[in-house]
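Hello,

Here is the structure I promised to pass on. Have a look at it first, and then read my notes below.

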Amino acid sequence: MTRHATATATDPGRQLSIAAQRNATDAVMLHQAVADRLGLHVTDLRCLNLLRLGGPATPGELAARTGLTTGAVTRMIDRLIKSGFVSRAHDEHDRRRVIISLSAARTAEIARHYEPLAREFGRVMGEYSAEQLELILGVFDRLHDTSLRVTAMLREAGWTAASAEPPEYPRKGRTPRDRVI
């Protein structure tokens, strides 16, 4: 396992914080590279992943899932329809509702760009026991819940860094510099 030079502190919590920051940055760069190859905005690509994971959705549901304004979601949907990544159809039970669905062919095109990552991820995960994988899954689930909570707090009307402290961090004595960015 390689570590960045700044992760030399003996505090495992600090090392994990740095590793998480590095991993988040790596993920952003990876998704941007895929988006560039597909001629998409990185936000459009991540929205397509939300549709892949959560199934078809209304524009309002996409706005809620992404935190984007309804206007931004409408422009994004228009771009994705124009490029053939999604389709728009009226809900068969409520014609007032519009449902956005993925294009299977274009989804397969996206998946091809992630095949090397999936292969490498599988190789790395294959080095862990079932018990270790359960622990790792638990960490990822908790980090996901934390990300959703903090994202909601950041989007909350009226919250600013000057007006309120973010949710309590797990270890006392941490300074703003120690927080994950």
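What follows is a short tour of what turned up.

Please keep in mind that this is a predicted model.

I would start with the core. The largest nonpolar core has 20 residues, and Leu 40, Leu 45 and Leu 62 have the most contacts inside it. At least two of its residues come from each of H1, H2, helix H3 (59-66), helix H4 (70-82) and H5. As background, nonpolar side chains in soluble globular proteins tend to be buried together. If you zoom in on Leu 45, you will find that it touches His 31, Val 34, Ala 35, Leu 38, Leu 40, Ile 110 and Tyr 114, leaving aside residues up to four places away in sequence.

Helix H5 spans residues 104-125 and bends by about 50 degrees at Tyr 114, with a proline, Pro 116, following within four residues.

Now to H3, which has Leu 62, Ala 63 and Thr 66 buried. These residues lie on the same side of H3, because they cover an arc of only 100 degrees around the axis. The packing partners of the buried H3 residues are H2, H4, strand S2 (98-102) and H6. Just after H3 comes Gly 67, with a positive phi of about 80 degrees.

Enjoy exploring!

Best wishes

Conventions. Residues are numbered from 1 along each chain as its sequence is written. This is a predicted model: local features need pLDDT of at least 70, side-chain atom pairs count only at pLDDT 80 or more; totals for chains, interfaces and linings use all residues. Side-chain values use heavy atoms; hydrogens and water are left out. The bend at a residue is the angle between axes fitted to the seven residues ending there and the seven starting there. A nonpolar core is a set of buried Ala, Val, Leu, Ile, Met, Phe, Trp, Tyr and Cys residues joined through side-chain atoms within 4.5 Å. Buried means under 20% relative accessible area, exposed over 50%, partly exposed in between (1.4 Å probe, protein chains only). Contact means heavy atoms within 4.5 Å. The arc is that of the directions from the helix axis to the C-beta atoms.
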